[in-house]
Amino acid sequence: MQNRLSRALISGPYSKALAGLRARPTLLFICVALLIPNAVFLAAIAVGIGTPQRFAAIVAYLVVGLLARNVPPPVVVGTYLTVLIYDLASTVALLFGLSFVEMFAVLKFALEVKLFASIMYVAIGLGIAFSAVAALKMLVRERAVLRRARLMPPVLAAFALIVLDVSVNSLPHYHFASAFAAGQPFESGLRSSGLEAKLDRGQGRRTVMVVMVEGLGVFEDPVRQRIVDGPLQTPAVRARYDVRSGQTAYFGSTTAAEMRELCASRSPYQSVMNGPQSACLPANLKAQGYRTVAVHGFSATMFERERWYPNIGFEQSLFARDFAASGIAQCGAVFKGACDSALVGRLQDVIETSHEPLFLYWLTLNTHIPIAPGEHSARVDCQSGGAFGDVEVCDMAGMWVDLLSGVAQLAMSEADMDILIVGDHAPPLWSRTQRAQFKPGVVPWVLLSPKGPTS
């Protein structure tokens with residue numbers, strides 16, 4: 001029976017296809033050194049998913065195929081896996097605004113997120129695993145056939161792949177944080193809005209609040225931008241506050257944005273891990289007599305915030321663990337934590353129970369990619385994509401509208417309050433058409449200053 005099963009497998013479609021490729025060594029080489037290693041990315045191009053350009057990885061897979069013809073199998077396996085790790089790390093780093101070195105540093109936080117909650121992440125992971133196993137199996141077992149391949153056609157095929165990659169993925173939305181900021185004047189929402197200078201002069205209000213909004217980009221379409229800004233532009237808010245808005249350049253990921261706004265620095269957060277940082281905004285305001293509080297609905301250990309927040313001047317930090325016992329609702333999929341909209345009441349409590357001047361920093365969570373659908377209040381109609389023409393972007397915008405409605409609620413409850421809302425980075429969306437809805441390289445800021453002689 002085992003022999004019959006073996007014969008059935010040998011005569012199956014896979015074996016017939018492999019036999020056909022063995023009869024065409026050059027075609028087999030192109031498949032094993034180019035098409036299979038890049039299969040997931042070719043599929044991404046086909047369905048409209050954008051990735052950073054990968055010409056270095058394409059060439060590296062070709063080189064592995066060339067090496068496989070003459071070097072021992074363990075060397076082939078090790079070299080292929082090295083290229084695969086480089087390919088994945090550099091691609092993910094560019095997608096999410098991390099430097100290549102930072103990408104490896106964040107691996108220790110992988111258990112903080114629920115990657116398997118995303119069907120797309122699971123599909124990508126399985127596709128990469130299957131393609132790697134298939135490529136390695138053929139590179140090792142078909143070495144004799146690969147030696148008979150002509151080399152010019154694979155080189156031309158690699159060139160064609162690179163041309164396809166560059167032509168499809170030449171988007172201004174992908175950049176290394178360090179390269180983007182190099183040689184450019186420093187910018188931040190705090191500085192561009194004028195709030196930094198106001199606080200330096202000691203003219204801040206009794207409550208100063210900075211809200212850093214996850215993935216808040218600037219829409220290319222001003223009509224779509226006005227929908228998101230709507231809660232901060234109501235007659236009631238404008239009657240009490242001067243509302244100013246603008247854009248500022250961003251670089252890197254969320255922690256880079258925190259360093260940008262809180263410490264006026266391009267340095268990574270690891271630079272403030274070793275002790276107190278008197279130059280950072282929370283420390284400055286603490287020295288002026290402010291109570292300093294940070295709020296974030298995710299894990300305290302993610303990016304080591306429980307360690308470096310005190311160093312930059314926060315007396316108190318509230319994280320997911322602090323909200324879990326009080327029954328705060330949870331939102332999100334991969335990044336599951338306290339719902340931003342549910343934290344408004346807790347922030348209100350912090351404001352109302354503070355007997356001294358208060359600096360309140362709120363890092364939001366729920367609009368982190370991938371978006372969990374259906375978590376917004378339907379203030380924005382997202383049927384068939386609504387005014388945004390895309391369901392995922394519309395869901396994200398709906399959550400921003402809910403969030404900013406909560407900020408407006410806080411603003412109307414406190415008469416003596418400066419509020420700065422600023423994005424950390426543009427949304428790291430996968431779809432090329434989705435990313436194209438947002439201006440590359442900039443995030444919005446909105447400053448609410450109470451009307452009056454000191455505003």
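Tutor: The model considered here is predicted.

Student: Why are H6 and H8 called roughly antiparallel?

Tutor: Helix H6 (residues 73-96) packs against helix H8 (residues 119-141) at an angle of about 155°, and their axes are 10 Å apart. Angles over 145 degrees count as roughly antiparallel, and the pair H6 and H8 is therefore given that description. The crossing of H6 past H8 is right-handed.

Student: What makes up the contact between H6 and H8, and how do its residues divide into nonpolar, polar and charged?

Tutor: From H6 come Pro73, Val76, Val77, Tyr80, Leu81, Leu84, Leu88 and Phe96, which meet Tyr121, Ile128, Ser131, Ala132, Ala135, Leu136, Leu139 and Val140 of H8. The residues of this contact comprise 15 nonpolar, 1 polar and no charged. Buried residues of H8 include Tyr121, Ile128, Ser131 and Ala132; Ala135, Leu136, Met138 and Leu139 are also among the buried residues of H8.

Student: Which term describes H20 relative to H21, and why?

Tutor: The axes of helix H20 (residues 344-352) and helix H21 (residues 391-413) cross at roughly 25° and come within 10 Å. Angles under 35 degrees count as roughly parallel, which makes H20 roughly parallel to H21. Their crossing is right-handed. In this contact, Val344, Leu347, Gln348 and Ile351 of H20 meet Gly406, Gln409, Leu410 and Ser413 of H21. The residues divide into 4 nonpolar, 4 polar and no charged.

Student: What makes the phi of Phe303 worth noting, and is this residue buried or exposed?

Tutor: Most residues other than glycine have a negative phi. The phi of Phe303 is near 55°, a positive value in a residue other than glycine. Phe303 is in the loop between strand E3 (291-296) and helix H18 (305-311). Its relative accessibility is 15%, and buried means under 20%, so Phe303 counts as buried.

Student: What is the phi of Ala378, and why is this residue called exposed or buried?

Tutor: Ala378 has a phi near 70°, again a positive value in a residue other than glycine. Exposed means over 50% relative accessible area; Ala378 has 55% and is therefore exposed. Ala378 lies in the loop between E7 and H21.

Student: Where does Pro370 lie, and what kind of peptide bond joins Ile369 and Pro370?

Tutor: Pro370 lies in the loop between strand E7 (358-363) and H21. The bond joining Ile369 and Pro370 is cis, with omega about 0°. Most peptide bonds are trans.

Student: What is the setting of these features in the protein as a whole?

Tutor: The secondary structure comes to 22 helices and 9 strands. The C-alpha atoms fill a box of roughly 85 × 50 × 45 Å along the principal axes. Of the 455 residues in the protein, 53% are buried. Among contacts between residues at least 6 apart in sequence, 78% join residues at least 24 apart.

Technical notes: Residues numbered from 1 in each chain as written. Predicted model: local features only at pLDDT ≥ 70, side-chain atom pairs only at ≥ 80, totals over all residues. Heavy atoms only, no water. Axes fitted to C-alpha atoms, helices over the stretch in contact; angles between N-to-C directions. Helix = DSSP H or I, 4+ residues; strand = E, 2+ residues; numbered from the N terminus. Parallel < 35°, antiparallel > 145°, perpendicular 65-115°, else oblique. Left-handed = near helix turned anticlockwise from the far one by under 90°. Contact = heavy atoms within 4.5 Å. Nonpolar A, V, L, I, M, F, W, Y, C, P; charged D, E, K, R; others polar. Buried < 20%, exposed > 50% of the residue type's maximum accessible area, 1.4 Å probe, protein only.
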